[in-house]
Amino acid sequence: MISITVTALVFGVVFLAELPDKTALAGLVLGTRYRASYVFAGVAAAFLLHVVLAVAAGSVLTLLPQRIVHALTGVLFLAGAAVLLLKKDEGDDDIRRPADQSFWKVAGTGFMLILVAEFGDLTQIMTANLAARYDDPLSVGLGAVLALWAVAGLGIVGGKALMKRVPLALITKIAALLMLALGVWSLWEALAG
């Protein structure tokens with residue numbers, strides 16, 4: 001059974017944390033060069049694989065005592081908030097252009113770019129933390145993958161317009177504050193429990 005509350009919370013946190021990431025920029029660049037549907041297919045497949053791995057790792061953490069899980073996820077959320085607040089702006093990454101525009105070449109380029117760029121990324125670690133925190137792998141996985149797909153879609157289709165209207169620094173600060181709140185809440189539960 002899927003919890004709409006957990007799915008929505010995970011979606012919000014992961015969406016805000018991923019927006020200022022280099023992946024949205026990479027999707028934007030690929031989307032301006034290639035057919036958007038081909039790019040999205042590859043990017044979406046890579047994000048799905050990352051979420052499955054993150055949820056599996058987080059589910060393993062649920063085997064530990066609750067106090068330890070709450071303390072561990074609290075510290076990791078606080079570290080994630082610090083990373084977001086201290087992160088420097090990144091420039092355009094050099095993205096290889098496939099020789100042809102076929103579905104498999106373009107989707108493969110998007111897949112490999114995201115697979116490599118996002119491995120061990122903040123949102124993958126956050127997804128593992130959320131899976132451990134809520135012990136609801138389906139809801140966490142659904143919220144995370146939908147958030148990542150939404151950011152990828154925004155980046156591919158309309159990233160430039162969004163970034164002109166909403167300052168990247170504001171998005172980053174909101175995501176960091178959400179992670180800070182989750183970290184404090186998790187540590188409080190570890191100490192109170």
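Guide: Let's begin with a word we will need: a residue is buried when its relative accessible area is under 20%. Please keep in mind that this is a predicted model.

Visitor: What percentage of the 193 residues in the chain is buried?

Guide: We apply the cut-off of under 20% relative accessible area to the residues. Among the 193 residues of the chain, the buried share comes to 45%.

Visitor: Is Gln124 buried or exposed?

Guide: You can find Gln124 in helix 6, which covers residues 122-134. Its relative accessible area is 12%. The cut-off for a buried residue is under 20%, so Gln124 counts as buried.

Visitor: Which residues does Gln124 contact, leaving aside neighbours within four places in sequence?

Guide: Here a contact means heavy atoms within 4.5 Å. With neighbours within four places in sequence set aside, the partners of Gln124 are His50, Leu53, Ala54, Glu118 and Phe119.

Visitor: Where is Arg35 found, and which side chain makes a polar contact with its side chain?

Guide: Arg35 sits in the loop between helix 2 (22-33) and helix 3 (36-61). At 3.0 Å, the side chain of Arg35 has a polar contact with that of Tyr38.

Visitor: What distance separates the C-alpha atoms of Arg35 and Gln101?

Guide: Not counting residues up to four places away in sequence, Arg35 touches Val106 and Gln101. Along the chain, Arg35 and Gln101 are 66 residues apart.

Visitor: How many helices does the chain have?

Guide: Reading from the N terminus, the elements run α-α-α-α-α-α-α-α. The chain has zero strands, and its helices number eight.

Note on methods
Residues are numbered from 1 along each chain as its sequence is written. This is a predicted model: local features need pLDDT of at least 70, side-chain atom pairs count only at pLDDT 80 or more; totals for chains, interfaces and linings use all residues. Side-chain values use heavy atoms; hydrogens and water are left out. Helices (H or I, at least four residues) and strands (E, at least two) are DSSP runs, numbered from the N terminus. A polar contact is a pair of N or O atoms within 3.5 Å; within protein, one must be able to donate a hydrogen and the other to accept it, and residues adjacent in sequence count only if both atoms are side-chain atoms. Buried means under 20% relative accessible area, exposed over 50%, partly exposed in between (1.4 Å probe, protein chains only).
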